[in-house]
Amino acid sequence: MIKNIVFDFGGVLVDWNPRYLYDGYFGDEQKSRWFIENICTGEWNVQMDAGRPFADCVAELSARHPEWADAIGIYRSRWIEMIGGEVEGTADVVRRLKAAGYGVYGLTNWSNETFPSMRDRYEVFSLLEGIVVSGDECLVKPDERIYRCLLDRYGLNAAESLFVDDNATNVAAARVVGMEGLRFESAAKLEQDLKGIYGLNI
């Protein structure tokens with residue numbers, strides 16, 4: 001029986017996409033896409049998610065690509081512009097779960113430098129009973145240790161816990177540690193699956 005639901009943040013609770021910043025910065029969607037795929041890549045971003053200081057990562061990447069130094073720098077100074085707001089409907093699902101007595105938690109790959117300002121901006125984070133941020137732990141999903149960190153810290157039984165993420169690899173890793181896993185597509189589909197697959201009363 002599921003008693004706890006654990007939410008990823010980017011793509012589940014909040015809409016994060018570097019193109020929200022860079023499309024406007026460059027004024028050219030193709031250039032923006034190329035920059036994110038080749039300069040400020042997802043692999044580079046993972047370093048900050050894993051706890052490496054932004055200043056070090058920005059300086060190192062700027063030294064390798066001095067012609068892009070200004071654009072690399074705003075990845076930190078204007079990072080909040082990568083947030084497009086809450087993912088529609090998910091916060092309402094969190095509220096209903098909490099009101100129905102289920103435990104609601106968060107497990108995210110996010111820099112510990114930037115997460116605090118995002119947490120203060122969106123009320124949904126205050127609903128969560130516990131949060132594990134990869135940048136604080138120097139561990140990133142899908143490393144099984146970060147799932148165990150969440151379970152151990154909050155005394156959760158893996159078999160009674162369901163992890164929701166938009167990344168299939170991260171969902172699979174949750175299942176390896178004994179949690180249920182559900183890939184997020186939309187708030188409506190999430191609610192349908194919570195009720196239909198897991199029998200949750202919300």
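Predicted model: local features only at pLDDT ≥ 70, side-chain atom pairs only at ≥ 80, totals over all residues.
Let's start with the strands. Strands of a sheet pair through backbone hydrogen bonds, either parallel or antiparallel. Here, five strands form an open sheet with parallel pairing, and their order across the sheet is 5-4-1-6-7. Strand 5 (130-133) and strand 7 (180-183) sit at the edges, each pairing on one side only. On average, neighbouring strands are turned by 20 degrees against each other, if you ignore direction.

Now zoom in on one pair. Strand 4 (residues 103-108) runs parallel to strand 5, and the two pair over four bridges. Across this pair, Y105 stands opposite G130, while G106 stands opposite I131. Is strand 5 covered on its faces or left open? Both faces are covered: G130 and V132 are buried on one side, and I131 and V133 are buried on the other.

## Helices around the sheet

Helix 11 (residues 168-176) packs on the sheet, where it touches strand 6 (161-165) and strand 7. Compare directions and you'll find that helix 11 makes about 170 degrees with strand 7.

Which residues of helix 10 are buried? They are I146, Y147, C149, L150 and L151. The cover over these buried residues comes from several places, including strand 1 (4-7), strand 4, strand 5 and strand 6, along with helix 9 and helix 11. Just past the end of helix 10, G155 takes a positive phi of about 65 degrees.

Next, the backbone. Most residues other than glycine have a negative phi, and most peptide bonds are trans. With that in mind, look at the loop between helix 9 (134-137) and helix 10 (144-153), which is where P142 is found. The peptide bond from K141 to P142 is cis, with omega near 15 degrees.

C138 is in the loop between helix 9 and helix 10 too. Its phi is near 55 degrees, a positive value in a residue that isn't glycine. Why does C138 count as exposed? Because its relative accessible area is 51%, and exposed means over 50%.

## A buried asparagine and a buried glutamate

N170 lies in helix 11. N170 counts as buried because its relative accessibility is 7%, and the cut-off for buried is under 20%. Leaving out residues up to four places away in sequence, N170 touches K141, P142, Y147, F163 and D165. L97 is another story: 73 residues from N170 along the chain, with 22 Å separating their C-alpha atoms.

E191 is found in helix 12 (residues 187-196). Is E191 buried or exposed? With 18% relative accessibility, E191 counts as buried, because the cut-off is under 20%. Setting aside residues up to four places away in sequence, E191 touches V93, R96 and I202. E191 and T90 are 101 residues apart in sequence, yet their C-alpha atoms are 8.8 Å apart in space.

## Contacts of E29

One more glutamate: E29 lies in helix 2 (residues 29-38). Which residues does E29 touch, not counting those up to four places away in sequence? They are R19 and D23. E29 and R19 are 10 residues apart in sequence, with 8.0 Å between their C-alpha atoms.

## The largest pocket

Finally, the empty space. Rolling a probe the size of a water molecule over the atoms shows where empty space is left. The largest pocket has a volume of about 620 Å³, and 29 residues line it. Among those 29, W16, N45, V46, D49 and N109 lie nearest the centre of the pocket.

Which helix gives the largest share of the lining? That's helix 3 (residues 42-49), with five residues. As for what kinds of residues line the pocket, 12 are nonpolar, 11 are polar and six are charged.

Key
Residues numbered from 1 in each chain as written. Heavy atoms only, no water. 1 Å grid on protein atoms, 1.4 Å probe; cavity = no way out; pocket = protein on both sides within 12 Å on 5 of 7 lines; lining within 4 Å. Points joined across faces, edges and corners; volume = space filled by probe spheres on them. Nonpolar A, V, L, I, M, F, W, Y, C, P; charged D, E, K, R; others polar. Buried < 20%, exposed > 50% of the residue type's maximum accessible area, 1.4 Å probe, protein only. Pairing = 2+ DSSP bridges. Axes fitted to C-alpha atoms, helices over the stretch in contact; angles between N-to-C directions. Contact = heavy atoms within 4.5 Å.
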